[in-house]
Structures are given as C-alpha cells and as structure tokens.
Amino acid sequence: MRKLLVYLENYKKESVLAPLFKMLEASFELLVPLVVAAMIDVGITNQDKPYIVRMSLIMVALGVIGLVCSVTAQYFSAKAAVGFATKLRHGLFAHVQTLSFSEVDEIGTSTLITRMTSDINQVQSGVNLVLRLFLRSPFIVFGAMVMAFTIDLKAAMIFVVTIPLLSLVVFGIMLVSIPLYKKVQERLDKVLGITRENLTGVRVIRAFHREKEEELHFGNSNRNLTAMQNFVGRITAFMNPVTYVIINGALIALLYTGALQVEAGILTQGEVVALVNYMSQILVELIKLANLIITVTKAVACGNRIQSVFEVQNSQQLEKFSIESESEAMGNHSVLPIEGEAPVVEFRHVSLTYQNAGDKSLQDITFTANHGETIGIIGGTGSGKTTLVHLIPRFYDATEGQIFIHGKNVKDYPISSLRKKVGIVLQKAVLFHGTIRENLLWGKEDASDEELREALTIAQALEVVEGKDEGLDENVSQGGRNFSGGQRQRLTIARALVRKPEILILDDSASALDYATDARLRSAIRGMKERPVVFIVSQRTSSIRFADKIIVLEDGEAVGRGTHDELLETCQVYREIYESQYQKEQQAGGV
C-alpha cells in the first residue's frame, strides 16, 4: 500500500494543507470549552450580560473560523484523493497493458476489473478521510487530555486511563479486520466473475434454459460474500458499543469526581462543564476515528491487492533482458541474416506449456514459411491451433525451442517492432465503440481513405461500409453489436490488412462467412502485391485446401505436414476431417 503513495507526489501541497487546516479547526474547537467555562464562572455567576455577549461572539467567531478551515481542508483533501485515484487508475491500466497473455490469464479479467474500479474507489475514500481525520482526531483526543491537565490534575487522570483503553479497542479491531476485508474483496471478485460471465453469455444461457441453475450459482456466491461481509461487519460494529461504554463510564467518573471537587471548592462549575465537554469531544472524535479505521482498513486491504498487480511483471520482458545481457556478456556480435535469405517464419522444435498446466499444449513443432506462402493449420478442438499462431507475435513465449522471423529470434525483437510486422485477426471478432474509420485506423494510424477502402475491398467488407448511411463514419456500438457476425469478421480482417503486414494470421476468422465469400477473401489475399505470409487457422478443409503447406495438429503434436493432396494420402487425421466435411457438403447439396 505504501508504494502506491508515489501517485500523491503531484499533490504534496494539498496533502500538507488539508491536515494543516484540520489541525487549525481542531485548535479552535479545543478553545470552546474554556470560553463556556468562563461564561459560566464569570458571566452567569456575576450576571454580567456584556461579558456573556462578548463570550458568545467569541464562540461564534471560533465556529466561523473553524467552518472556513474545515471547508478548506475538505477541498484540498478531495482534490488530492481524486487526483491520486485518477493517476493510480491510469498507472494500473498502463501496467496491465504491459502484461503478457500469461499474466493476464493467471490474474483473471474479473479480478483486474474489480481492482481497477471498486478497489481504487476504496483507496480514494481512505486517502480522503486520512488527510482530513488522521491527524485531527488524535490531536483532539490528546489535546483534550492536555487541556484537562490545565484544569485539574485529579480529573485529568480519568482521561489518562480512558484514552489507552479506547485506543486498545480501536486498534485491536483494526488488526483483526484488515485480513478479513481482503477475503471480502476476494469473494467480491468471484461474484463479479460470475456476473461478467453471465452477462457475456446471456444468449447461450437462455438458449439452453439454464437461468435457474445460473441464478442458484450466483446466489451461492453472493451468500458467501454476504456471510463474510456480515462477519466482518459484526466485528467492526463491536467497536461503537464498547467505546460508548468506556466513554460513558469515564463521564460518570468525571461527574462524580467533579462534584466532589466543586463541593470542596477546588473546581468551579464552569471547569466541570469544560471537562465534560472535553470528554464529549473525545467521544465524538473516537466515533469519527472508528469510522476512519474501518475505511482505512478496507483501503489498506484494497491497496495491497492493487499493489500485488503492480508487482506482477511481464515474464517476456524479463526474459528479453536476460537474453540481451547474456549476448553482451558473451560478446555475440554476429550479423543477422538479410531479409529474403532466411524463411520469413521458422519454428524449431517448439513446445509450450501454459502456466500451472500439467501437460504440454504444443510439442516439438518444426516448420518454415517463406515469402508469399499460405500456411493452413487444422485440427480438432483443443489441438493447439490458436496456441501455435499466438507464439508468432509473442502473446505467449515458447517454453522449449525457438521461433525466428527473417532469421532473427522473436525474443530479440522489441515487442512493438515485432507486432508491426504481424496482422492478426482473432477468433472472436471484436470492434470498439466509435466509428468504422476509427476501428480501421487501429491497423495504421495515418492510413488514408484510399488505403482503408483497399483493405475493405480485399476483406470483402466494402459493401458493408457502402451500405451504411455514414460510410466510414458509421457509428459502431460497443463490441460491434450493430453488425452481424460475418460483418464484424470482415471488418476485423480489414483492420489487420490496413497495416499491410508481412505476416497475416487469420485465426478461424472466416467461420461466419459463407463459402463463396470465404473463397473470394482468400483469392483477394493471395493477390495482394505485398504477398505476406498468411497463416489460416480453420476447421474447414475447404478454407485451407489450396494452401502451400498444411499443418495438421492433434493433441498439440504435428501429425501431418504437406499439401492437401499429399495429406489425403499420408495423414489419416486430415483424411477423416476432409471426408466428414465432404460428406456433409454432399448431403447438403442433395437436400
């Protein structure tokens, strides 16, 4: 949590002025009981009305000055807290963007959303209250005790006993609550994860009539969260009654001692009232401090969760640094092959095991892809097709073997340079809120309208754009919900083509297209003047039958390599896939 305070650096002035003005307000508040005592002992006792009026005006002045100080302090604390939360949110978001797919998979999307929203809001509230009350409340408590000593030593000893007892209760409950609030946030993560999953898959849930089961699942998780919150709430709620008992006991002792002192002529009535007022101030401040402790406890737990994300580092970057250090240490200054002399993409005995996975997802994959070639990748569900192409732009790093682009290990490329060479269309076609033009410009920020139209033409998406009233400036709703599945796929393909990549990866990105459109798309890509290396991941043999090379995967292993005709002769897995699809097509044609 302390490491996050670096985001308060630009708000040092506000962080100092907020508690300073609160201390000023507290100082004026501590003078009020003395004014009341003087009003009773001098004004009321002597029936001196002018004196009472003067003391009343002094009290009003103290109240007005205290109000101004309080409002000023709250302004500075709010400014610092909001600015801190804004910078922290930006910093966390930027850090998450640097993480590889492995780290994001391990942390979890729902957890990241919780920490970006709920956790940061809790930390913001904690910073706000700390700046306002963290110094003010203890200052009032100990200030009241000091002022009591100026009035009467015997009565002040009651304050000396009361304050440590109250501190023991408050801080004891705080120490118990901090780890429990962390568990509350973890259970909140689970609830948010279920909520996100249900909202994303609401159509599937309704299609399978699983509403009741999902309601039960959500209800169980929500009850677990509620039970933990109630448990922590009961512990923290224990604070107020205990503090009230201690304070009221101290008030009884103070009134009893004060009465004896007044009767003995040691104290005046006004001084007893002042002592009672000081004890009341302590009560009020400890209630505030109790609420502050609860908020700070939540904030610390949330801050630690946020810090844990910052502590997760991109394993790819760390590996890259180690490689560079090793190369320098070995004095490796060999010249890299010239582009064109080496295959554009080369896999050498590549294997991959996902983090915390028992088995390898890919095992001993070796192949080359030369300039202008089309590589088809096919296999059953879970065979590792997507995993294989994700290794090229380093979404994941191979755990064994090496991958080369133009003869250079992908780990020796800066990530930004590597991914500029690659255009990838993922399985799930995702468009972002904005316009069609804004989405296409993700591929190349300075692309002209001509370049956009060229990419749309190749992707068979020009008719989609021309069919809209606003053309390229047509609005795109979040996730591209105002486009059909096939339209989204073609627009995402166009977005990748705008970049004119050296390596184009189509990861099952034509699944929503009809056979004719799919064929036109593949023909247009083959006719591109840049002649990129094209990787087509598909379930359809018809989509890859004309590829220069086809890699057949089964359980992460390459069980076949070659052309369509060669694989029909030599690879049983490919032949079974082809025959099952060919028979379906024949049956569909007969119907």
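A positive surface patch brings together Arg 196, Arg 203, Arg 206, Lys 428 and Arg 481. This is a predicted model, where local features need pLDDT of at least 70, side-chain atom pairs count only at pLDDT 80 or more, and totals for chains, interfaces and linings use all residues. Residues are numbered from 1 along each chain as its sequence is written, and side-chain values use heavy atoms, with hydrogens and water left out. A search of the whole structure turns up 21 salt bridges, and the count of aromatic pairs comes to nine.

**Surface patches**

- Patches are made of residues with over 30% relative accessible area and no salt bridge, with like charges joined within 9 Å and nonpolar side chains (Val, Leu, Ile, Met, Phe, Trp, Tyr) within 5 Å.
- Accessible areas come from the Shrake-Rupley method with a 1.4 Å probe, and for residues only the protein chains shown count as cover.
- Lys and Arg count as positive and Asp and Glu as negative, while His and the chain ends are not counted; a charge is placed at NZ of Lys, CZ of Arg, CG of Asp or CD of Glu.
- Arg 481 is exposed, with a relative accessible area of 56%; buried means under 20%, exposed over 50%, and partly exposed in between (1.4 Å probe, protein chains only).
- There's a negative patch too, formed by Asp 364, Glu 554, Asp 555, Glu 557, Glu 576 and Glu 579.
- Of these, Glu 554 belongs to strand E11 (residues 549–554) and counts as partly exposed at 38% relative accessibility.
- Val 60, Val 64 and Val 68 make a nonpolar surface patch with about 260 Å² of accessible area together.
- Val 60 is part of helix H2 (residues 49–98) and is exposed at 51% relative accessible area.

**Aromatic pairs**

- Rings of Phe, Tyr and Trp (its six-membered ring) pair if their centres lie within 6.5 Å; planes under 30 degrees apart are stacked, over 60 edge-to-face and the rest tilted. By this rule there are nine aromatic pairs.
- One of them is Tyr 354 with Tyr 396, edge-to-face at 5.1 Å centre to centre and 80° between the planes.
- Tyr 354 is in the loop between strand E1 (345–352) and strand E2 (362–369), and Tyr 396 in the loop between helix H12 (385–390) and strand E4 (400–405), so the pair ties together parts 42 residues apart in sequence.
- Tyr 354 is partly exposed at 26% relative accessibility, whereas Tyr 396 is buried at 8%.
- Phe 367 and Phe 535 also pair edge-to-face, at 6.1 Å centre to centre and 65° between the planes.
- With Phe 367 in strand E2 and Phe 535 in strand E10 (residues 533–537), the pair ties together parts 168 residues apart in sequence; both residues are buried.

**Salt bridges**

- A salt bridge here is a side-chain nitrogen of Lys or Arg within 4 Å of a carboxyl oxygen of Asp or Glu.
- Arg 522 bridges to Asp 518 at 3.4 Å, N to O; both lie in helix H18 (residues 515–526), four residues apart, about one turn of the helix.
- Asp 518 also bridges to Arg 540, with the closest N and O atoms 3.3 Å apart.
- Asp 518 is buried at 2% relative accessible area, and Arg 540 counts as buried at 16%.

Note on methods: Helices (H or I, at least four residues) and strands (E, at least two) are DSSP runs, numbered from the N terminus.
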